[in-house]
Amino acid sequence: MATILPLPDLDDPNTYLEIDRSRAGARLFDLPNQCRRAWELVRSWSPPATPAPPRAVVIAGMGGSAIGGDLVRALAERWSSLPVTVHRDYGLPAFAGRHTLVIASSYSGNTEETLSAAEEARRRGATLIAVTTGGELARRARDWGIDVLQFDYLAQPREALGYSFLLLLGVLVRLDLLPDPTPQVEEAVSLLNELLLEVRPEIPEERNPAKELARWLYGHLPFICGSGLLAPVARRWKGQFNENSKSWAMCDELPEMDHNVVAGTAYPPRLASNVRAILLASDADHPRNRLRMDITRRIFEEGGTPCRVVTSRGCGDLAQMLTSVLLGDATSYYLAMLYRADPTSIPAIQVLKEALAAAP
C-alpha cells in the first residue's frame, strides 16, 4: 500500500530548501527589481532610426518570452491606435511587411519559431529588432546589422517577465509609438514591493494570501479568467500553474466566455466540483464586464464550482497588471511546494525539444 505523505508545511523554511532545488523563488520574488532594472536598461538604449512610423507591430515569441508581448498588446489597445499582434508560430502573418515593426523576443535566442519569424521579417523587408539574452538570435541579428536589445538575467524565460514585458514596452515607447509610462512603472515597482511583504515565504500562511490561495487550489483544476488588461494576466496564471506547479490549468476571458463557457459546465457531472475558478478583477474593467463577472460567478457557484475574486492593486494600468501577475506567480510557487514539484524543472518540455531537434 502506498504511503501517503503529509502536505509540506508552507511556513517551514526547509520545505523550500528540499523542493525548490534551483531556487526559483529567489527569481520569482525578484519581479520588482527586474522591472526597475529593465526600465533603466531600455531608457539608456539607443533606438534605431526608422524610415517611417510602422503601420503595425508584430511581437514574435513563445512561452515566457511571449507573455510580455500579450501584456504590451493589452496596453497598446488602451493607449494607442497602433495595432499590436503577438505571433506564436513559425513565419509571420501575411500582413507583415515593410511597413511593419517586428520584435523578435526570445530569452535564450534559440527558440526555433522566433528565429523563423525573424528570418521571414528580414526576407520581407520589415523593420526588425531583437530582444534576447544572446544565442542564435543575437548572432544572426548582428550579422544582418539588426538592432539587438540584449539583457543579462540567469533564469528560466518565465522567471524573467519583468524584462520580457518592460523591455518590449520600452522599445515601443522609445520609438514614440506609445506614451512614456515612467510614473506608472514607478508606481508598479512600489506596489510590487509592498505586495512582497505579504506573499514572501517567511510570511505565515494565515497572513499570506498566495499561500492560502494555493492551499485552496490544491488537488483541483484551476480555471482563471479576466477581461481587458487582466485577460493576458489570466493566461500568465495558467502558464505558471502548468510550468511551476506541473498542474493542469485553464484560462479564458470575459466577455467571450459568457457566450460559450458558461453553457459548458454541466458534463462530465463530477468535474464541476473539482474545478476552482479564479476571477481576476480590475478597476479598469468595463462596467458591463464587472457585471458579467458577478453573474458568471453566481452561475459557476450554483453549478457547484467554488470561485474566488482576486482584485488588482494600484491606479495605473501597469500596477494593476503586475500586482496581479506577482500574486499568481507566488500562488503557483506555493502550489508547486504542496505538490512537491521542483518549480524550475520542466522535463516534458525538454523531452519535446530533444525530439524535435532529432527529427529530420
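**View 1. Asp89 is partly exposed in this predicted model.** The relative accessible area of Asp89 is 41%. In the chain as a whole, 54% of the 360 residues count as buried.

**View 2. Asp89 sits in a loop between two strands.** The secondary structure of the chain comprises nine strands, together with 13 helices. The radius of gyration of the chain is 21 Å, close to the 21 Å from the globule rule for 360 residues, so the chain is as compact as a globular protein of that length.

**View 3. Asp89 touches Met62 and Glu113.** Residues up to four places away in sequence are left out of this pair of contacts. Met62 and Asp89 are 27 residues apart in sequence, and their C-alpha atoms are 7.7 Å apart in space. Across the chain, among contacts between residues at least 6 apart in sequence, 79% join residues at least 24 apart.

**View 4. The charged side chains and the surface of the chain.** There are 43 negative and 38 positive side chains, and the centres of these two sets lie 3 Å apart. Carbon and sulfur atoms account for 53% of the accessible surface, which comes to about 16400 Å². Along the principal axes, the C-alpha atoms fill a box of roughly 65 × 45 × 45 Å.

Notes. Residues numbered from 1 in each chain as written. Predicted model: local features only at pLDDT ≥ 70, side-chain atom pairs only at ≥ 80, totals over all residues. Heavy atoms only, no water. Helix = DSSP H or I, 4+ residues; strand = E, 2+ residues; numbered from the N terminus. Rg over C-alpha atoms; globule rule 2.2 N^0.38 Å. Buried < 20%, exposed > 50% of the residue type's maximum accessible area, 1.4 Å probe, protein only. Contact = heavy atoms within 4.5 Å. Areas by Shrake-Rupley, 256 points an atom, 1.4 Å probe, with all protein chains shown as cover. Lys, Arg positive; Asp, Glu negative; His and termini not counted. Charge placed at Lys NZ, Arg CZ, Asp CG, Glu CD.
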